[in-house]
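Please look over the sequence and the fold shown here before reading on. The report is meant for a reader meeting this structure for the first time.

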Amino acid sequence: MALLDVIKAPDPRLKQIAKTVSKVDDAIRKTLADMLETMYINDGIGLAATQVGIDKRLMVMDLRDGPNEEPNPFKMVNPEIIETSDQTKDAEEGCVSLPYQYAKVRRSTEITVQYLDESGNEKKLTAHGLRAACIQHEIDHLDGILFIDRISSLKRNMIIRRLMKEKKANVYA
Ligand code: NI
């Protein structure tokens with residue numbers, strides 16, 4: 001396994017729409033394993049391939065029910081939301097591509113996602129609450145959308161300014 005570099009916003013690569021995977025092969029399985037390792041090391045609960053500069057519709061997530069729970073990783077190829085609830089909820093989100101930035105984002109409270117697992121089998125998962133929000137957040141990444149694109153422009157600009165400051169500080173450090 002290998003750690004991948006996480007792209008930090010603002011960056012045009014985070015605006016790209018990722019391509020559909022045509023075949024789930026060993027290269028895809030290795031990428032998914034690397035993404036999961038990268039997600040864990042960055043204390044994330046989800047990661048999309050777009051965030052590590054890979055132009056493929058891949059995402060990983062691991063949401064445990066509590067700190068003592070066993071790891072519960074999901075690896076999804078070509079995830080697609082096929083059902084969403086009418087009910088929505090505002091909940092705070094963060095993102096490893098936007099370090100230390102948080103905002104409340106409105107999402108559907110329940111979704112059903114269809115995807116291929118790492119063996120290429122078609123799967124469906126119905127998710128609620130935080131897990132549903134996480135899947136929507138990661139699929140947004142694959143469509144070039146960040147969580148700050150779903151909040152007011154005032155808050156978005158404030159966060160972008162802070163991120164640009166952070167980037168500048170790192171360049172001259
Ligand atoms: Ni994210």
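What follows describes the sheet, the helices packed on it and the metal site.

This is a predicted model, in which local features need pLDDT of at least 70 and side-chain atom pairs count only at pLDDT 80 or more, while totals for chains, interfaces and linings use all residues. Residues are numbered from 1 along each chain as its sequence is written, and side-chain values use heavy atoms, with hydrogens and water left out.

**The sheet**

Helices (H or I, at least four residues) and strands (E, at least two) are DSSP runs, numbered from the N terminus, and two strands pair if DSSP finds at least two bridges between them. Five strands form an open sheet in the order E1-E2-E3-E6-E7, with antiparallel pairing. Strand E1 (46-48) and strand E7 (122-128) stand at the edges with a single partner strand each, so one side of each has no neighbour in the sheet. On average, neighbouring strands of this sheet are turned by 40 degrees against each other, direction ignored; axes are lines fitted to C-alpha atoms, for helices over the stretch in contact, and angles run from 0 to 180 degrees between N-to-C directions.

| Strands | Bridges | Residues opposite each other |
|---|---|---|
| E1 and E2 | Three | Ala 48 and Met 59 |
| E2 and E3 | Five | Asp 62 and Pro 73 |
| E3 and E6 | Five | Glu 80 and Gln 114 |

Helix H1 (residues 26-41) packs on the sheet, where it touches E1, strand E2 (58-62) and E3, and its direction makes about 40 degrees with that of E2; contact means heavy atoms within 4.5 Å. Helix H2 (residues 129-142) also packs on the sheet, touching E1, E2, E3, E6 and E7, and its direction makes about 125 degrees with that of E7.

Strand E2 is largely enclosed by the rest of the structure, because five of its five residues are buried, where buried means under 20% relative accessible area, exposed over 50% and partly exposed in between (1.4 Å probe, protein chains only). Leu 58, Val 60 and Asp 62 lie on one side of E2, and Met 59 and Met 61 on the other.

**The nickel site**

Cys 95 (SG), His 137 (NE2) and His 141 (NE2) are the protein donors of the nickel ion, lying 2.1 to 2.3 Å from it. Donors are N, O and S atoms within 2.8 Å of the metal (3.2 Å for Na, K and Ca), and sites may look incomplete, since water is not among the atoms. Cys 95 lies in strand E4 (residues 88-95) and His 141 in helix H2, so the pair ties together parts that are 46 residues apart in sequence. Cys 95 counts as buried at 11% relative accessibility, and His 141 is buried with a relative accessible area of 1%.
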